[in-house]
Amino acid sequence: MIKPYFLSKDKNFYLFYGDTFELLTKLDFKFDMVFADPPYFLSNDGLTIQNGKITSVNKGLWDKSFGFHYINDFNKKWISLVRDKMNDNATLWISGTMHNIFSIGQTLIELGFKILNIITWEKTNPPPNFSCKYFTHSSEQIIWARKFTHIPHYFNYELMKIINGNKQMKDVWRLSSIAPWEKNCGKHPTQKPLALLSRIILASTKPNAWILDPFAGSSTTGIAANLFSRKFVGIEKDENYLQMSIKRKLEIENPQIAEIFRQRLSLNSNLFLQQNL
């Protein structure tokens, strides 16, 4: 296995520094679940509102679109590489918006995946639409797919039902964006909330499962995985975000802080012990 940029003392949190297209070809391992938050390609010089101030939507050159052919080629390349690193019964979650999600859905079908759900994450605190020419953008989509159409996947239906007040959980999840306590170690511009990743991981993996994030950012996937006894491998090409990821991992190595995080997520340890997770 290639040398990690960082390996935690408990050996449950690996970080690799570099381009995901290059590193995935060198990674000799199979994963039980993959979560990917790839570029949305929405950096088009538009404007939005953050904290009451008008600001640019641009995230960086990595998020700039060079046309639909470029987007389709990009998605097909990384999804193909990720598919090769998945166990036969593994599932893949990919987040997106209208800028990339249609390309991703088409690519998954072309590569032989079975799409299981398209989750709509309804944000409780979206930025307002100050142009007043469109409905306010208040959601993102997350496609959940399994590697093969004919090989069953794992789904913890009963736990999701408990979390949802003993009712079947729907494919629309109303969750807020990241809370202040999730930014103790800094903030990534496209950081996902721990509540979102925790639900995804608990719904589709068992304890000690290996989870891959090929666009790790500040490693919310890894933090959620480790909080609930899963193992994590992340790939990230920005060293600043790798350093942020390390700080976040070290933060939850304190058992008291880890339990506080679980309680804030309304997902305490006792619930999972009772469910034999």
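User: Which helix holds Leu-242 in this predicted model?
Analyst: The model is predicted. Leu-242 falls within residues 239-252. That stretch is helix H7.

User: Is Leu-242 buried or exposed?
Analyst: The cut-off for buried is under 20% relative accessible area. Leu-242 has a relative accessibility of 0%. Leu-242 is therefore buried.

User: Which residues is Leu-242 in contact with, leaving aside neighbours within four places in sequence?
Analyst: Leu-242 is 236 residues from Phe-6 along the chain, but their C-alpha atoms are separated by 8.6 Å. Contacts are a separate matter. Beyond four places in sequence, the partners of Leu-242 are Tyr-5, Leu-15, Phe-16, Tyr-17 and Glu-236.

User: What is the order of strands in the open sheet?
Analyst: The sheet has 9 strands and mixed pairing. Its edge strands, E1 (6-7) and E9 (172-175), each pair on one side only. The order is E1-E2-E11-E10-E3-E6-E8-E7-E9.

User: Which residue in E11 is the bridge partner of Trp-210?
Analyst: Strand E10 covers residues 210-213, and strand E11 covers residues 231-236. The two pair in the parallel sense over 4 bridges. The bridge partner of Trp-210 is Lys-231.

User: What angle does the direction of helix H2 make with that of E6?
Analyst: Helix H2 (residues 68-84) packs on the sheet. It touches strand E3 (31-36) and E6. Its direction makes an angle with that of E6 of about 150°.

User: Which strands does helix H3 lie across?
Analyst: Helix H3 spans residues 101-110. It runs at about 165° to E6. The strands it lies across are E6, E7 (114-123) and E8.

User: How many salt bridges does the model have?
Analyst: A pair counts when a side-chain nitrogen of Lys or Arg is within 4 Å of a carboxyl oxygen of Asp or Glu. By this rule, the count is 10.

User: What separates Glu-22 and Lys-26 along helix H1?
Analyst: Their side chains meet in a salt bridge, N to O 3.1 Å. Glu-22 is partly exposed at 43% relative accessible area, and Lys-26 is partly exposed at 42%. Both lie in helix H1 (residues 20-26), 4 residues apart. Because of that spacing, the separation is about one helical turn.

User: Is Arg-262 buried or exposed?
Analyst: Arg-262 meets Glu-259 in a salt bridge, N to O 3.0 Å. The two are 3 residues apart in helix H8 (residues 255-264), about one helical turn. Glu-259 is partly exposed at 23%. At 13% relative accessibility, Arg-262 is buried.

User: Which residues do salt bridges with shared partners join into one network?
Analyst: Side chains of opposite charge can pair when their charged atoms come close. Here, shared partners link several such pairs into one network. The residues joined are Asp-37, Lys-123, Glu-140 and Lys-192.

User: What is the mean pLDDT of the chain?
Analyst: Of the residues, 86% reach 70 or more. Over residues 45-49 the pLDDT is below 50, yet this stretch has 22 contacts beyond near neighbours in sequence. Residues 273-277 also stay under 50, with 8 contacts beyond four places in sequence. The mean for the chain is 89.

Notes
Residues numbered from 1 in each chain as written. Predicted model: local features only at pLDDT ≥ 70, side-chain atom pairs only at ≥ 80, totals over all residues. Heavy atoms only, no water. Buried < 20%, exposed > 50% of the residue type's maximum accessible area, 1.4 Å probe, protein only. pLDDT = per-residue confidence, 0-100. Contact = heavy atoms within 4.5 Å. Pairing = 2+ DSSP bridges. Axes fitted to C-alpha atoms, helices over the stretch in contact; angles between N-to-C directions.
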